[in-house]
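Hi there,

Here is the structure I promised to hand over. Have a look at it first, and then read on for what I found in it.

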Amino acid sequence: MAMEKSSSKYRTQFWYVAMVSFLLWLVLLYLFSSSATTVHTHERLFRQENVINLPINVPKHYQESDQAVLPVDVPQHDQASDDQAIVSDVDNNTLPVNTGNINTSQEVQISEDAKVVTDLVEELEKEKVENEKKRADSGLSGRTTRSRRGNRESRKARSSSRFEAEKKRVRHNDDSDENHQSYNKKTNSFEPKNDVGSKKDRVDDNDDTESKEVPNDLSNNDTGRDNTVSEPKTQRHFTSNKTFSVAKNRVTSRRNRPKAVVRPRATRRNDPCQGKYVYMHDVPSLFNEELLKNCWTLSRWTDMCELTSNFGLGPRLPNMEGVSGWFATNQFTLEVIFHNRMKQYKCLTKDSSLASAVYVPYYPGLDLMRFLWGPFPFMRDAAALDLMKWLRERPEWKRMDGRDHFMVAGRTTWDFMRTPENESDWGNRLMILPEIRNMTMLLIESSPWNYHGFAVPYPTYFHPSTNAEILQWQNRMRRIKRRYLFSFVGAPRPNLGDSIRTEIMDQCKASRRKCKLLECVSGSQKCYKPDQIMKFFLSSTFCLQPPGDSYTRRSTFDSILAGCIPVFFHPGSAYAQYIWHLPKDIGKYSVFIPEKNVKEGKASIEKVLSRIPRAKVVAMREEVIRLIPRLMYFNPSGKRGDVGRFEDAFDVAVDGVLQRVEGLRKRVEEGNEEVFEFPEQYSWKYNVFGNVEKHEWDSYFDRH
């Protein structure tokens, strides 16, 4: 009898638990559905409101020479602003607004925009027919070429795989633009995709101490575990077709520029901060401080609370070579370090009318990290969309439509370029949002084909508090004896057909007495210890820096910190990236060996490096040692008594932003209808050389 009562009691409890679980499931389903609807609503509202893309000027010869063009979004803008004169020293809020012809101007604008899109679509159809004929004629030869290539897929071949997806997305955007222009604010249902794919194992080539625990958190890592998520997108997987960019240039070349540009208010004549003032937005804490308070949610495998400590520098490390100032710094905490350094900036102001530039202290990399492996990809965009809405309501934004704003992200640009039609793909859409395209974005790796992205150095392990520590370390690097001619730290990339790492490792093994190799394979502990990595670089004269999953590597800056001369094989690994921090004369501090020569066995790395005269090697090493302060970040808590003797990576980056913003401001004030006078796809070339003429590096950045 007692057993029957006990059994009945357990059955009753079981049903109670089942009912509660079911109700909880319904609540969670409702919350996720509401979040999805909110995100989609914000996206539609952003397209409908006054968001102005960067105008682009496309020379006629570029337009005539393109074979295929894709239509793109044509957001609504005020037609009357095309003829509006540029006004200096005027607050946008005080400008008179003529509302008498609003309806008329809207109808004219809608019809003109529709005509632009229609013309482009008709042109596309003609070009599509011609291209299909050409493909049919060359189909046989193309299949023969591909059969010879086998499974070794090149970077250019991978870039063409998503061409059709781009066309579908663009046509969808054209249709949606007509609805936006009619001010239809009705929201559509948004269903997140739960498609997931297996990630490939990687081995860390950036040599982070935390990489062992966070294998797949690193956008250009080499170590990893299998996780159910789409593969990280790098420049080797991401495509932004040239023809798509030209189509965008044709439409956006008709965009209006800011109606008024407000210059910073003048101060006293001898003000040392004149033209250097920076205003920092007081953004809601959920965009930065709350991310750090909830640091335990940032990663599944790593204690990010420890790595974000000490102002983002991470745990302290013992002195190295008798010099203090060493930390186990995670490369993803750059945005935290930059924010804390900005708080110390000598020309930081609370008066936005004095500011030449405006800093947005958002932590996009840490925010994204929370949802990279979750089942709801749309959550990766939620905070960014909320921030964009918040920014557009600020008076500081309205001065130049955000062109004087800048932001920092501690990840590569490829982590923020997910296309809308691939919701389950890697990363989020931060870099393609129209507001961000008006800003200056600082990342550890930028896209060579974007106007608004600029690369800044990866954070290293060295963060001195005083200038004396820098001098002490530089002197130590000059006296140290280096046993090996060259070295390489990293892992092979067998899944990347155009990778040269296997050939580099084979050459290093063949030169045992002159090359030191550290393979970062599974189980290797040395690749995760800062002291071991630094000792490895300290013993070498040259350090090989081939591309990995993306162009750049943290290892580049760790090796320069050790006084090791970097050897590059692709201009996108440094020369076309860190244009503010590295000298224009690449031969003064580095060696360049074309990756094609290594791949085809035409170049012997040992012979190339051995032929460099000893006097030149000494001069190159001295230049590398001089670069150390510009490529590392000072300890934000340090108090330097002789501030100004050295500029760190933060100081150089801020100066670069100020110069860029001033250039944009002058072009608008001079009455130039286009802010840029070159196609966006040639951004890398203009930033490096100041022109878009033909260059021997063109083949490295050709996306066809």
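Let me start with strand β4, which is mostly covered: eight of its eight residues are buried. Buried means under 20% relative accessible area, with exposed being over 50% and partly exposed in between (1.4 Å probe, protein chains only). Strands here are DSSP runs of E with at least two residues, helices are runs of H or I with at least four, and both are numbered from the N terminus.

Before going further, please note that this is a predicted model: local features need pLDDT of at least 70 and side-chain atom pairs count only at pLDDT 80 or more, while totals for chains, interfaces and linings use all residues. Residues are numbered from 1 along each chain as its sequence is written, and side-chain values use heavy atoms, with hydrogens and water left out.

**The sheet**

β4 belongs to an open sheet of six strands with parallel pairing, in the order β2-β1-β3-β4-β5-β6. At its edges are β2 (348-349) and β6 (453-455), each of which pairs on one side only. Two strands pair if DSSP finds at least two bridges between them. On one side, β4 pairs with β3 in the parallel sense over two bridges, and Tyr359 stands opposite Phe406 in β4. β4 is also joined to β5 by five bridges, again running parallel; here Met407 has Met441 in β5 as its bridge partner. Three bridges then link β5 (residues 440-445) to β6, in parallel, with Leu443 opposite Ala455 in β6.

Helix α9 (residues 334-342) touches β1 (278-280), β2, β3 (357-359), β4 (405-412) and β5, and its direction makes about 145° with that of β4. Helix α21 (residues 649-669) touches β1, β3, β4, β5 and β6, and its direction makes about 145° with that of β5. For these angles, axes are lines fitted to C-alpha atoms, for helices over the stretch in contact, and angles run from 0 to 180 degrees between N-to-C directions.

**Helix α20 and what covers it**

Helix α20 (residues 614-627) has 14 residues and reaches 20 Å from its first C-alpha to its last, close to the 20 Å expected at 1.5 Å a residue. That expected span is 1.5 Å times one less than the number of residues. Its buried residues are Val617, Met620, Arg621, Glu623, Val624, Ile625 and Leu627. An α-helix has 3.6 residues a turn, so residues three or four places apart point the same way. The cover over the buried residues of α20 includes α14 (467-479), β9 (540-545), α17, β10 (565-568) and β11 (591-592), where contact means heavy atoms within 4.5 Å.

Asp558 and Pro459 are 99 residues apart in sequence, yet 8.8 Å apart in space, C-alpha to C-alpha. Arg553 lies in the loop between β9 and α17 and counts as buried at 1% relative accessibility. The side chain of Arg553 makes a polar contact with that of Gln545 (2.9 Å). A polar contact is a pair of N or O atoms within 3.5 Å; within protein, one must be able to donate a hydrogen and the other to accept it, and residues adjacent in sequence count only if both atoms are side-chain atoms.

**The whole protein**

In total, there are 22 helices and 11 strands, and buried residues make up 56% of the 704 residues.

Best wishes
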